[in-house]
Amino acid sequence: MAGGTRRNRSLVAKLAVATLLAALALSLLSSAYVIASDWHAFRAETGEQIDRLQRLVEPPAAEAAFQLSAAQADSLVQGLLVFDEIRRVEILDDFGNTLAEDAQERTQTGGEWAHWLFGDLQTHERELRHPDTRGNIQGVGVLRVELDPGVLGRAFVNRLQTGVVTSVTQAVIVSLVVVVLFYLLMLRPMLKISRAVADTDPEQPAHWPMPRLGHHENDELGALGRSLDRLLRAFQAGLDARDGARGELKALNADLERRVEERTRQLEAEKSETERALAKVDEANRELERSNRLVVESIRYARRIQTAMLPDKHALDGHMDEVQIYWEPLHLVGGDYFWVEAIDGHSILVVADCTGHGVPGAFITLVVASALDRILHEHRLLEPSAILREMDRLVRSRLRQDGYDSDSDDGLEAAVCVYRPEDRKLAFAGVGLPLMIDRDGEVEEIRGVRGGLGYRSLEPAQPVDHEVDVEPGTEFFLITDGVHDHVGGEPPRLFGRRRLRQVLSDKSGRDLSAKIDAVVRVLEDYRDGEPRRDDMTLVAFRPLSSRAGNEALPPPSD
C-alpha cells in the first residue's frame, strides 16, 4: 500500500502519464485530421470509379434499352454485380419499365455510422442515349446503380487501421523516451539533492552532505546545488547570531529587571509626592471655585445694577405705535446701552456701543448714562447731532481724556433718533452706528459718520443730522455692530449689514416683537454653534400711524 502510494506520487509516473496523454492527444488529433482527409479522398475515389464504370457499360446498356433486349440487359446487370461495392443494379427503358434488375443478398450491410459516412453515395443514375434510325441522339432509358454503404465503410476502416495503429505506437514510444530522458537528465540529480537536504541536521545546516552531480555541475542543477549550499550556510550564520543574541538578551533582561526594580521604587516615592501635590491642587481648585463663585455673584449683582440703570422700555407707550428692544450682553454685563424717553412731546431713542464688553464696558455705560441724563435734562438738547457732540465732550471730560497726559483711551459709538410728531419728521445722527428704515419691505440704511465719541486718540466727530419723513407703518431699527458681526458659513464670514437688511425685508409685515425674534433665530442658525463675539442691542420702533393718536398725547413734561 505504501509502495503504491509512493508510485502514485512519483514525479516520473506523473510525467509518464502526462507525456503519454499529451502524445496520445496529439496523435488522436493528427489521426482525426488524417481520417477526415482519407474520408474525403475515399469518397472522391469511389465516385470516380462508379462514374468510369457507368461510362464503360453505357453503350451496351443503351443498345439493350434501344433494342428492348431483356437478355442483354440482364447480362449487363450480372456483370456489374460482380463488384462487392454494388448492391443492386437496374436498367429501365424510356417508358420507365424495368428491362433487367438484380441485387446481391447480404446478411450484414453495415451500421448507422456507415450510412452516415457514405449514405449520400448510395444511388447513382445515368441516362442512356442512343441514335435513332435517322441518326439523332435520344434518351432510351436509365441505368441505376445502388452501392452498399456497409461495404464502403469496411473498406474505409481497413484502409485506416494501419495508419492509426502506427500513429498511436509512435506516440507511446516518444512518451517513453521523453520520460526516460527526463529521469536521467533531471529527476535523478534532483532526487540526490532532495535526499541530501533531508539528511541535513537542522542545528548544523552548513554541514549538509552536498551531492556530487557529475556533468550537471555547470548547468541549472549545479547552480541549484550551489544556491542551496549558500542558503544553508546563511542559515548557519543566522543560527550562530541567534545564539549570541540569546546570551545578550539574557544579560539585558537581567539588567532591565534590576532597572525596573529601581524605577519602581522611584515611582512609588514620586507617587507619594504627586498625591501630596494633587491634594494641594484640589485645595487650590476649591479656593479658586470659591473665588470664582464670588466673582460671578459680583458680576450678577453688577448686572442688576446695570439693568436698573437702563430706562423703562415702556417709556414711549402712547408716543409710539410699538417699541421693542433686544439687549443681550456677551457676558452678564456689557458695553451696549440704550435710552428711550419722551421730552417736550418728542420721542428720543439712543443706542450706544461702548469700548469693550463685560465689566469694563459696563463701567463706560455708567458714564454714558450719567452724560445722557445731563444732556437731556439739564442742557435740554433735542437735536441728534448736538446730543452726540455734547456726549463726546462729557465723556472726554469725565474720563479725563481731554488732556494729553491721560493713560486711558476709551469711548463709544452712538446713534440718536428724535421723532417730532407735530410734523411727522424723524431726525437721526450717528457716529459709527446706522439707522435702518423698513417701508413696506423696502429696507434702506442711513449710515453714521466714521469715528468715535470720547476717545483721546481721535479727533472729535462731526455728526450730521438726517431728516426722514415718517409714513404710516414705517419701521426704524437702531443696532450695535454686535447684531451683524456674527461669524458663520463655510468658509467662515461675517453676517454683515447687507444680510441683516435682507432678513428685515423678508420678515416685513410682522409685529416688531416677532420680527426681532425671527432675526435672533436667523443669527443663531447662521452661527451654527459658533459663539457670539460681542454684545447685541437692537431697538425697533414704529411711530403712531395717525395724527389722531398724536392729538391724544399727554402734555409735554417740564
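Helix H10 covers residues 512-527, and its 16 residues reach 23 Å from the first C-alpha to the last, close to the 22 Å expected at 1.5 Å a residue. The expected span is 1.5 Å times one less than the number of residues. Helices (H or I, at least four residues) and strands (E, at least two) are DSSP runs, numbered from the N terminus. This is a predicted model, in which local features need pLDDT of at least 70 and side-chain atom pairs count only at pLDDT 80 or more, while totals for chains, interfaces and linings use all residues. Residues are numbered from 1 along each chain as its sequence is written, and side-chain values use heavy atoms, with hydrogens and water left out.

**Helix H10**
- The buried residues of H10 (under 20% relative accessible area, with exposed over 50% and partly exposed in between; 1.4 Å probe, protein chains only) include Leu512, Lys515, Tyr526 and Arg527.
- At the start of H10, a side-chain oxygen of Asp511 comes to within 3.2 Å of the backbone nitrogen of Ser513.
- Asp528 follows H10 and has a positive phi, near 50°.

**Backbone exceptions**
- Most residues other than glycine have a negative phi, and most peptide bonds are trans.
- Asp344, not a glycine, has a positive phi of about 55°; Asp344 lies in the loop between strands S6 (336-343) and S7 (346-354) and is partly exposed, at 31% relative accessibility.
- Arg424 is not a glycine either, yet its phi is positive, about 50°; Arg424 lies in the loop between strands S8 (412-420) and S9 (425-431) and is buried, at 9% relative accessibility.
- The peptide bond from Glu490 to Pro491 is cis, with omega near 0°, and Pro491 sits in the loop between strands S14 (487-488) and S15 (493-494).

Key. A polar contact is a pair of N or O atoms within 3.5 Å; within protein, one must be able to donate a hydrogen and the other to accept it, and residues adjacent in sequence count only if both atoms are side-chain atoms.
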